[in-house]
Amino acid sequence: MKRILLAVALFCGVYSAQAIKIIHGPYLQAVTDTEATIMWVTDVDALSWVEVAPEDGKHFYYRDRPKFYQTDMGKRIIGTVHQVRVTGLKPGTKYRYAIASKEVLAQKGNRIHYGNIVSTNVYRKVAQTIPTLDPKKESIEFVVMNDVHAKNEKMEAYLTHCFKKGETDMVIFNGDMVSSIPSIETLYKGFLDTAVKHFASDVPFYYVRGNHETRGKYSGDYLKYFPTTTGKPYYTITHGNTFFIMLDGGEDKPDNNIEYYETAAYDDYRKEVAEWLKTVVESNECKSAKHRVVFLHMPPIEGHKMWHGTRQIQEMYLPILNNANISVMLCGHVHKYSYHTNQAAFPIVVNSFEDALKVKIDANGIKVDVVDMAGAIKATHSFK
Ligand SMILES: [Fe+2]
């Protein structure tokens, strides 16, 4: 009887549940020149929205701001993982945003009983911002890191030496940020909370899936946390004078390897990626850009590190890319730095697991600095 009374009381709002909390995020995803996705997580089910305001010097609450909700099949979504797409933005523009989540205390039939609201503080604090991409931007800068394998101290070092607030446009996670995804907590503890602490609420990161992100019970939820414009782990963006292709090579060993327990189907997946890539390199956006930069976790480099996955990449992706006037390909995976000019029709930089790449692209071309964890530049490559 007591339990029934408590349930009724909760539904009627007599008792307020413990205050809802934002426990991860917000972080920006799939930022383009006109849209962006804001991601965050609450500790309990909630109905969530994002309010957006221009950076015009007026207070966030100067007027009612447009609200964006996560919807599916015409219905606003209730849950703990919030993925809100903001649309109708202008290229090369910074917008302020605030997130809000209204806790759901109970649902009975069609009735929903709401509790407290948690939101980012835009009363006194400076609001977080969405910087949209801009094909007309004359100079862009970004940081690339890979094979972090959940070692947050590496990220901290890379960001300390390579990330410059107000100058760095984006960060690229070029695969193997974690060793496996046995739980979603692995992603937060492995790198995502550190990314949010340093930059990810205001500067976008673009994730290139590595072979290790394909492993673990929750690896199939990858796109729920890292949504893209294609709905797949492979996608493109344009920023400044450059067209970027984020590729996915799947796993490294043959599909029937015992490590995959009969779940791998990457031979067919790589065919799917190659078919997509054919259409991408024929697009006007790709052809009209001054530079074309490819990110791919596993490098198609001849030698004893060429396993089944990289061999298929060499056979299936390279013939397409070799005819696409690619400026440079940036890879990771083998944990060792190397530079190649004889493996494809374009140069390939393989970044190690203890360096980051600091890249600047402007009218003079592409400059890639290989920066170690102490901030020393180990090598520099320039491409026209
Ligand atoms: Fe890898």
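**Exercise 1. Helices α2 and α3**

Task: In this predicted model, find which residues of α2 meet which residues of α3, and classify the contact.

Solution. 
- Start with the contact list. From α2 come Asn152, Met155, Glu156 and Leu159; from α3 come Phe191, Thr194 and His198.
- Sort these by class. The contact of α2 with α3 has three nonpolar residues, three polar and one charged.
- Now take the geometry. α2 covers residues 152-162 and α3 covers residues 184-200. Their axes are 9 Å apart, at an angle of about 25 degrees.
- Apply the cut-off. Angles under 35 degrees count as roughly parallel, so α2 and α3 are roughly parallel to each other.
- Finish with the hand. The crossing of α2 past α3 is right-handed.

**Exercise 2. Helices α5 and α7**

Task: Describe how α5 and α7 are placed, by axis distance and crossing angle, and list the residues that meet.

Solution. 
- Locate the helices. α5 spans residues 266-281, and α7 spans residues 308-316.
- Read off the pair of values. The axes come within 11 Å and cross at roughly 30 degrees. That angle makes α5 roughly parallel to α7.
- α5 passes α7 in a right-handed crossing.
- List the contacts. Tyr266, Asp267, Arg270, Lys271 and Ala274 lie on the α5 side. Gly309, Gln312 and Met316 lie on the α7 side.
- Classify them. Three residues in the contact of α5 with α7 are nonpolar, two are polar and three are charged.

**Exercise 3. Backbone exceptions**

Task: Work out what sets the backbone apart at Gly25 and Pro26, at Asp147 and at Tyr261.

Solution. 
- Recall the background. Most residues other than glycine have a negative phi, and most peptide bonds are trans.
- Check omega. Gly25 and Pro26 are joined by a cis peptide bond, with omega about 5 degrees. Pro26 sits in strand β1, residues 22-29.
- Check phi at Asp147. The value is positive, about 55 degrees, although Asp147 is not a glycine. Asp147 lies in the loop between β10 and α2.
- Check phi at Tyr261. This non-glycine residue also has a positive phi, about 50 degrees. Tyr261 is in the loop between β14 (242-246) and α5.
- Asp147 has 24 C-beta neighbours inside 10 Å, so Asp147 counts as buried. Tyr261 has 7 other C-beta atoms within 10 Å and is therefore exposed.

**Exercise 4. Glu138**

Task: Is Glu138 buried or exposed, and which residues beyond its sequence neighbours does Glu138 contact?

Solution. 
- Glu138 is in the loop between β9 (128-131) and β10 (140-145).
- Count neighbours. There are 10 C-beta neighbours inside 10 Å, so Glu138 counts as exposed.
- Set aside neighbours within four places in sequence. Glu138 is then in contact with Asp362 and Ala363.
- Compare sequence and space. Glu103 is 35 residues from Glu138 in sequence; the C-alpha to C-alpha distance is 44 Å.

**Exercise 5. The whole chain**

Solution. 
- Count the elements. The chain has eight helices and 21 strands.
- Take the box. Along the principal axes, the C-alpha atoms fill roughly 75 × 55 × 40 Å.
- Check burial. Of the 384 residues, 41% are buried.
- Check contact range. Among contacts with a separation of 6 or more, 68% join residues 24 or more positions apart.

Terms used: Residues are numbered from 1 along each chain as its sequence is written. This is a predicted model: local features need pLDDT of at least 70, side-chain atom pairs count only at pLDDT 80 or more; totals for chains, interfaces and linings use all residues. Axes are lines fitted to C-alpha atoms, for helices over the stretch in contact, and angles run from 0 to 180 degrees between N-to-C directions. Helices (H or I, at least four residues) and strands (E, at least two) are DSSP runs, numbered from the N terminus. Angles under 35 degrees count as roughly parallel, over 145 as roughly antiparallel, 65 to 115 as roughly perpendicular and the rest as oblique. A crossing is left-handed if the near helix is turned anticlockwise from the far one by less than a right angle, and right-handed if clockwise. Two residues are in contact if their C-beta atoms, placed from the backbone, lie within 7 Å. Ala, Val, Leu, Ile, Met, Phe, Trp, Tyr, Cys and Pro count as nonpolar, Asp, Glu, Lys and Arg as charged, and the others, Gly among them, as polar. A residue is buried if 20 or more other C-beta atoms lie within 10 Å of its own, exposed if 12 or fewer, and partly exposed in between; C-beta atoms are placed from the backbone.
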